[in-house]
Amino acid sequence: MSHTEEITCNGRVITVPTLEVVREIPSMSAGTNIDWLLHIYYSRRDFVRCKRLIDRELYKHLNAEYLYFVKGLIDREEGNNIEALRYLQKALELNPKNIEIYKEIGKTLFVMGRYNQSLDTFREAEDLSTRLDHEIFHFIGELLLRSSASRNQVEMALKEQQEAKQYFQKAIQTGKKLESFQRLAEIHRKEKDYSKAIEVLESCLLLSPENTEVLTEIGVLYLKMNETQKAFDRLLEVIQFDKKCLRGLMAFGAILQSRNDVDAALVKYKESAALQSNIPELWNNIGLCFFKKEKFIVAISSLRKAIWLSPLNYNSLYNLSLIYISAQQYASAFHTLAAAINLRQDNAECFMLLGVCLRKLEDFDNAYVAFERATAMLPSSPLIYLNCALFCYETGRLAMATEQYNRFVSSSENLMRLPIEYKFQATKLKSLLKISSSHLLASPISEANDNNYNYSRSNNKNDDADDSGNRLCTMKDDPQKVPADEDEQQQEKLETHLEGNTAVN
């Protein structure tokens, strides 16, 4: 029914028709909207009052969406993920365009381990969002990175990893979130682009200059790039900020160990052991320090403890086998090498050590098979060819010895940079095989008895797991101990690298 209303306009009375309202606007008494109070309680983590307020107002409140939303967040905080998901979905039914609800549902699914559904939810939130949201980008990148790690197909895994990298780059461009920088650096590290990873982490330090975790990671990456001094400076900052940073202490000790400052390294490892003693990498490094000091019994005990803590630790098995060979315990070395080869069958140096061990056990046929297997793997270090050539000459395989010697020369990019013991044994073998002077090494030829100690050294460096500098002793029939004060270039050079030997996040 229409009504009329008279109003005064410019001194004249005007009659204006009006329409009757079909539905009356509900009147709200003062204090009806309690969203602000609920938000305060939730921010204070006063969940008891939050739930009490929600139960009282849920069925009479005009904005039930926010009540369901907060109730879902509280249930997730208390570990009731299923109830949290149910309440968040109720809130989404009331407002299907609320991006925040989508994000919280995605986080809840992420906590529940339902990663595919979480990824779909965040992608839907990305499509609905009218602005760039760094939180959405970060979680999509995180979920893609997890998915790529579980893929069996290499191409699909690399594709998802590249897509995750793009999303993390978007995340750090739209919002300064520390985790996004760290995840992006992790992808660059997997791609072995260490300089780019360091650049990302340096940007991360602008947000948190005293973050010991980031500083330690930068030090580790500098070690991978063989920039020891820069790594030393960063790790020194870590110890200054936090003297109880376990990973920083172990990394700092590893640098001291690589500089042959064994006593100082042992001090840092002692401090690390006081914080947490059951770390396999810690006892591995301690064992190598005592190996450097030629205390074989203590070194063997330390490495055996590392293996007891982590029976599938390849680095500890490899290093223990070297110490057993140096201590002339060839039977123990054989069993340790067998365990190491079972873990990693593509390592040529393991088969070379096995050949040396079998040679000392006088199993010449199997020793030849081990050396042959080692030289067949690519790429192989010059040390493998040299030891194989020495073994072949010793067992009367002169043609094979000549072939392996030629492979040793061709695989050595610069003969002058080889350790002096390499050049000494190669020169001696060349003269015995009567090889032409075109293969003559630059170092002078020394007179040597056929029964002299034949000393070689192996530095096994892997990208997947860093091995410490190791010593290989290939001996003739009458072994003689090399004096400890002999030429410094003939001393053992322990190079302890950090990725395999430091506790990771």
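**Exercise 1. Is Glu-362 buried or exposed, and where is Glu-362 found?**

Step 1. Glu-362 has a relative accessible area of 61%. Buried means under 20%, exposed over 50%, and partly exposed in between (1.4 Å probe, protein chains only), so Glu-362 is exposed.

Step 2. Now place the residue: Glu-362 is found in the loop between α19 (348-360) and α20 (364-376). Helices here are DSSP runs (H or I, at least four residues), as are strands (E, at least two), numbered from the N terminus.

Step 3. Look at the backbone too: phi of Glu-362 is near 65°, a positive value in a residue other than glycine. Most residues other than glycine have a negative phi.

A word on the model before going on: it is predicted, so local features need pLDDT of at least 70 and side-chain atom pairs count only at pLDDT 80 or more, while totals for chains, interfaces and linings use all residues. Residues are numbered from 1 along each chain as its sequence is written, and side-chain values use heavy atoms, with hydrogens and water left out.

**Exercise 2. Where is Asn-260 found, and what is its phi?**

Step 1. Asn-260 is found in the loop between α13 and α14 (262-275).

Step 2. Its phi is near 65°, again positive in a residue other than glycine.

Step 3. Asn-260 is partly exposed, with a relative accessible area of 38%.

**Exercise 3. How do the axes of α12 (residues 228-241) and α13 (residues 246-258) cross?**

Step 1. The axes come within 9 Å and cross at roughly 145°. Axes are lines fitted to C-alpha atoms, for helices over the stretch in contact, and angles run from 0 to 180 degrees between N-to-C directions.

Step 2. Next, find the contact (heavy atoms within 4.5 Å). Among its residues are Phe-232 and Leu-235 of α12, and Phe-252 and Ile-255 of α13.

Step 3. Sort the contact residues: eleven are nonpolar, three polar and none charged. Ala, Val, Leu, Ile, Met, Phe, Trp, Tyr, Cys and Pro count as nonpolar, Asp, Glu, Lys and Arg as charged, and the others, Gly among them, as polar.

**Exercise 4. What span should the 14 residues of α23 (residues 420-433) have?**

Step 1. The expected span is 1.5 Å times one less than the number of residues. For α23 that should be 20 Å, and the end C-alpha atoms are 20 Å apart, which agrees.

Step 2. Ten of the 14 residues are buried, so α23 is largely enclosed by the rest of the structure. The buried residues include Tyr-422, Ala-426 and Leu-429.

Step 3. Just after α23, Lys-434 takes a positive phi of about 60°.
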